[in-house]
Amino acid sequence: MSAAYLEKLNERQRSAVEHGVASGVDSGGPLLIIAGAGSGKTNTLAHRVAHLIVNGADPRRILLMTFSRRAAAEMGRRVERICSQVLGAKAGSFSDALAWAGTFHGIGARLLREHATEIGIDPSFTIHDREDSADLMNIVRHELGFSKTESRFPTKATCLATYSRAVNAEQPLDEVLRDSFPWCSAWEKQLRELFGAYVDAKQAQNVLDYDDLLLYWAQMMGDAVLAEEAGGRFDHVLVDEYQDTNRLQASILLAMKPEGRGLTVVGDDAQSIYSFRAATVRNILDFPATFTPAAEVITLDRNYRSTQPILAAANGVIELARERFTKNLWTERESAERPRLVTVRDESVQANYVVEQVLQNREGGMLLKQQAVLFRTSHHSGSLEVELTRRNIPFVKFGGLKFLDSAHVKDMLAALRFAQNPRDRVAGFRLMQLLPGVGPQTAGRILDAIAADPEPLTTLSEIPAPPRSGNDWTSFVDMLEALRPGRAGWPSEIGTARNWYEPHLERIHEDAEMRKADLLQLEQIATGYPSRERFLTELTLDPPDATSDQAGVPLLDEDYLILSTIHSAKGQEWKSVFVLNCVDGCIPSDLGVGSTAEIEEERRLLYVAMTRARDSLHLITPQRFFTHGQNAQGDRHVYASRSRFLPATLLQFFECSAWPVAAPAAAGQRDAQQMRVDVRARMRGMWR
Ligand code: ATP
Ligand code: MG
């Protein structure tokens with residue numbers, strides 16, 4: 001008799017789950033599950049992990065890589081649920097031991113920290129997020145004199161994007177410039193020099209950026225002994241959303257499991273939406289032939305998520321794609337309701353329409369959590385956020401403005417980071433310039449003085465206080481002393497940093513009280529991490545989401561609407577889904593219609609959005625749409641037409657011309673406008 005959890009799977013899912021599991025220790029040959037949206041890929045992967053554990057695999061020797069930390073946590077819960085059906089109370093301890101579940105970058109950071117000394121880096125390294133990296137690039141660029149002498153030199157963001165692409169795509173710089181940044185080609189020589197200096201600066205300061213986490217990991221795997229050690233500690237390596245990995249990630253996997261034993265990857269080429277970060281669908285397409293004998297390939301074609309009309313519309317979008325491996329899906333979930341194509345006058349009517357529909361659904365018994373509003377980029381939800389705030393509807397925003405982007409939170413984290421690694425120049429610059437009387441030049445001089453010092457904190461405390469900084473300098477040095485590893489202990493260290501920072505906060509920001517509340521929240525978040533180092537690493541790699549309530553704190557017990565960029569909605573599903581701005585200029589974006597490849601990626605993006613819906617799908621097209629470009633009149637609103645990808649015959653047309661009707665028009669308009677000003681200002685304040 002087979003286990004009950006296997007009975008629920010279809011035949012192909014089951015063969016994927018059972019692949020190679022004669023006993024848990026036998027890892028089996030390489031396996032690829034390639035299938036369309038909602039066909040149960042992630043579910044199958046969770047079952048496979050559980051099945052391995054039930055059959056004796058050691059959960060501490062399973063490495064599971066997902067697209068976000070949230071996805072890893074969800075996978076852990078599923079595994080635990082399945083294991084507990086079979087193993088009873090004992091199962092809890094099994095899934096707790098599933099310690100190696102996370103994102104590629106998060107896992108990389110942990111492995112590097114463990115092997116730091118062996119690969120010649122200091123284990124107290126700190127990690128730069130994209131903004132810190134761009135700041136460091138800027139510092140280096142200034143030092144080389146490029147930005148001053150060459151006024152048309154690429155911006156710091158472009159420099160970083162170019163560098164990052166070359167690293168992640170494992171592509172020479174001249175090719176990267178030719179293919180992706182042709183307008184920077186004239187600067188190739190200078191860029192090369194800049195990138196060399198940028199790498200030197202990172203090394204001198206003992207900081208790693210996102211790309212380094214993969215790059216150093218790959219380097220580490222180049223050493224036969226370390227590769228054997230890192231690969232050998234895992235019997236099973238499983239990766240979800242494989243279509244969105246880049247060349248570097250694929251080479252790491254291959255180095256971990258050169259023969260593919262115990263390696264399972266799962267993905268959908270039709271959902272590849274991260275090529276702007278050098279992800280390549282070739283990874284998934286080339287996977288089978290990478291191994292001898294070739295990897296086993298299992299395809300799934302039954303969709304369990306969406307109703308037939310939703311699936312038909314999604315298939316309608318993707319079947320016109322130029323190049324595609326996975327086939328159209330089918331479902332048994334009948335419904336008479338086609339996805340709605342809703343035409344509205346503009347974005348404010350769009351916001352009203354969504355809110356009315358969401359509330360209507362809630363009255364019908366659907367929780368807010370079971371509904372999601374998806375959009376292309378974070379700023380597209382502005383009008384909706386205003387409307388939700390006005391009507392007191394709680395929401396959580398995924399992939400949008402991040403809690404950690406606010407200046408005061410960054411200042412606090414810089415204090416912790418600098419105490420951990422006093423060579424981190426970006427953190428040091430940020431902190432010292434909080435002190436009255438200390439400008440960039442003074443800060444630069446002080447940082448230079450301690451840069452090569454084996455005991456930088458001690459030297460720092462011996463430096464005379466800069467003129468006019470007086471007591472502030474002393475309390476700064478005292479704070480850093482108190483934060484030396486092992487002094488205050490975690491998490492009280494964060495209290496030490498806050499006590500030091502608050503007087504500066506009060507001096508700098510008018511809305512200090514509101515910001516102080518954020519710092520308390522940060523302290524609360526910190527208690528969830530075992531150490532300062534884990535806290536800093538994980539927060540930098542995968543920051544908490546913004547909520548309508550207190551930033552960064554998930555509203556765990558409450559009901560809340562989900563707002564998400566399409567990119568961050570990957571892998572998830574909701575009963576009801578609203579996709580904003582389904583117009584040409586947005587999807588496809590007017591920034592992304594250069595090449596066929598870009599247009600194709602935009603098509604897949606819409607496919608991902610539509611396939612998140614289980615029961616109802618609303619595609620909304622405002623006739624007036626705010627765009628990046630300007631029309632001839634200099635008006636940034638343009639008249640838009642519906643997205644060229646939408647399969648009109650499979651949709652139900654719906655016009656929403658006048659909304660709202662409840663409030664007297666003039667008063668209502670004034671209110672909403674005032675509210676927009678208030679909320680925008682508040683949000684701007686919060687996130688700066
Ligand atoms: P995506 O491509 O969007 O990541 P996916 O292929 O990973 O989708 P899942 O999220 O694993 O799909 O599954 C989609 C839905 O189908 C989930 O609600 C899941 O519980 C359900 N499901 C999967 N397999 C089965 C099955 N055999 N029987 C019933 N429901 C299933
Ligand atoms: Mg999935």
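This tour moves from the ligand and its surroundings to an annotated site and then to a strand.

The model is predicted: local features need pLDDT of at least 70, side-chain atom pairs count only at pLDDT 80 or more, and totals for chains, interfaces and linings use all residues. Residues are numbered from 1 along each chain as its sequence is written, while chains are lettered from A and ligands numbered from 1 in the order in which they are written.

**Stop 1: ligand 1**

Select ligand 1 and display its shell of 19 residues, of which Gly 40, Lys 41, Thr 42, Asn 43 and Tyr 304 come nearest. A residue is near a molecule if its C-beta atom, placed from the backbone, lies within 6 Å of it. Colouring the shell by residue class gives four nonpolar, 10 polar and five charged residues; here Ala, Val, Leu, Ile, Met, Phe, Trp, Tyr, Cys and Pro count as nonpolar, Asp, Glu, Lys and Arg as charged, and the others, Gly among them, as polar.

Next, colour domain 1 (4–109 + 214–300) and domain 3 (308–395 + 551–659); because both give residues to the shell, ligand 1 lies between them. The domain bounds come from an automatic or database domain assignment.

**Stop 2: the annotated site and helix α3**

Select Ala 35, Gly 36, Ala 37, Gly 38, Ser 39, Gly 40, Lys 41 and Thr 42, which an unreviewed UniProt entry records as "binding site". UniProt positions follow the numbering used here, feature names are shortened, and annotations may be inferred rather than shown by experiment.

Lys 41 belongs to helix α3 (residues 41–54), and Thr 42 is also found in α3. This helix gives the most to the shell around ligand 1, with three residues. Helices (H or I, at least four residues) and strands (E, at least two) are DSSP runs, numbered from the N terminus.

Is Lys 41 buried or exposed? Lys 41 is buried, because 25 other C-beta atoms lie within 10 Å. The classes are buried at 20 or more other C-beta atoms within 10 Å of the residue's own, exposed at 12 or fewer, and partly exposed in between, with C-beta atoms placed from the backbone. Thr 42 is buried as well, with 22 such atoms within 10 Å.

Beyond four places in sequence, Lys 41 is in contact with Ile 33, Ala 35, Val 266 and Leu 300, and Thr 42 touches Asp 240 and Gly 571. Contact requires C-beta atoms, placed from the backbone, within 7 Å.

**Stop 3: strand β2**

Select strand β2 (residues 62–66): five of its five residues are buried, so the strand is largely enclosed by the rest of the structure. Leu 64 has Leu 238 as its bridge partner in β6 and Ala 101 in β3.

How values were computed:
Contact = placed C-beta atoms within 7 Å. Pairing = 2+ DSSP bridges.
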